[in-house]
Amino acid sequence: MVMSLHTSISNRIVAALVLGVWFSLPWWNSADAQTAELDQLFERLQEPVLPEWQRVEDDIWREWSRSGSPAMDLLLQRGREAMEEGDIEAAIEHLTALTDHAPDFAEGWNARATAYFNAGLFGPSLADIQRTLALNPRHFGAMGGLALILEEIGQPDKALEAWQAAQAIHPHRPGINEAIDRLERQVSGTDL
């Protein structure tokens with residue numbers, strides 16, 4: 001999707017506003033209604049050597065994708081399927097219905113943030129990432145999305161912080177170490 005100049009400018013303005021709010025929120029201290037099973041999975045991710053990290057991550061995503069309502073789970077599934085098929089508009093519609101009807105379901109906000117990102121709508125994506133992290137402070141996927149947007153809008157220092165926060169939660173996630181190394185060099189002024 002080609003963004004117009006107006007969309008690009010409004011994305012940057014919204015992103016700046018959201019970033020100011022997101023980085024001032026004590027999201028790492030907010031109440032987190034996670035299950036004991038998720039706590040155990042996150043503990044496993046902290047193991048220095050974890051060959052089956054992908055299975056542990058998949059289990060986390062599976063837990064995050066359970067809203068407690070079959071109807072809401074179906075909206076999430078339809079939104080994700082629409083994204084996979086490249087129908088971003090339909091994905092946003094399904095996921096907006098989900099966030100409207102289940103505003104405390106973090107994965108609904110995260111999925112819509114991804115759809116907005118895929119549409120090139122960084123401002124709305126950042127707003128949904130903020131909501132995701134307020135509901136689920138351990139959402140390493142949302143942190144990665146935040147880092148990508150921050151890089152895209154020219155905020156490498158804040159992108160580095162977001163990648164480091166994601167790495168602290170999920171040190172086995174592919175690409176995080178490389179992104180951190182690259183951004184550390186960029187922020188410090190060292191040539192690549």
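**Contacts, aromatic pairs and the nonpolar core**

Modeller: Leaving aside residues up to four places away in sequence, I129 touches A113, A142, G145, L146 and I149, contact meaning heavy atoms within 4.5 Å. The model is predicted, and local features need pLDDT of at least 70, side-chain atom pairs count only at pLDDT 80 or more, and totals for chains, interfaces and linings use all residues. Residues are numbered from 1 along each chain as its sequence is written, while side-chain values use heavy atoms, without hydrogens and water.

Biologist: What makes W61 and F140 an aromatic pair, and which kind is it?

Modeller: Rings of Phe, Tyr and Trp (its six-membered ring) pair if their centres lie within 6.5 Å, with planes under 30 degrees apart called stacked, over 60 edge-to-face and the rest tilted. W61 and F140 lie 5.9 Å centre to centre with 90 degrees between the planes, so the pair counts as edge-to-face.

Biologist: Why is the pair of W64 and F140 given the name tilted?

Modeller: Its planes are 45 degrees apart, at 5.0 Å centre to centre, and it is therefore neither stacked nor edge-to-face. W64 lies in helix α3 and F140 in helix α8, so this pair ties together parts 76 residues apart in sequence; a helix is a DSSP run (H or I) of at least four residues.

Biologist: What makes a group of residues a nonpolar core, and which members touch the most others in the largest one?

Modeller: A core joins buried Ala, Val, Leu, Ile, Met, Phe, Trp, Tyr and Cys residues through side-chain atoms within 4.5 Å, buried meaning under 20% relative accessible area with a 1.4 Å probe, protein chains only. The largest core has 33 residues, of which F42, L45, I60, W64, I129, F140 and W163 touch the most other members.

Key. Buried < 20%, exposed > 50% of the residue type's maximum accessible area, 1.4 Å probe, protein only. Helix = DSSP H or I, 4+ residues; strand = E, 2+ residues; numbered from the N terminus.
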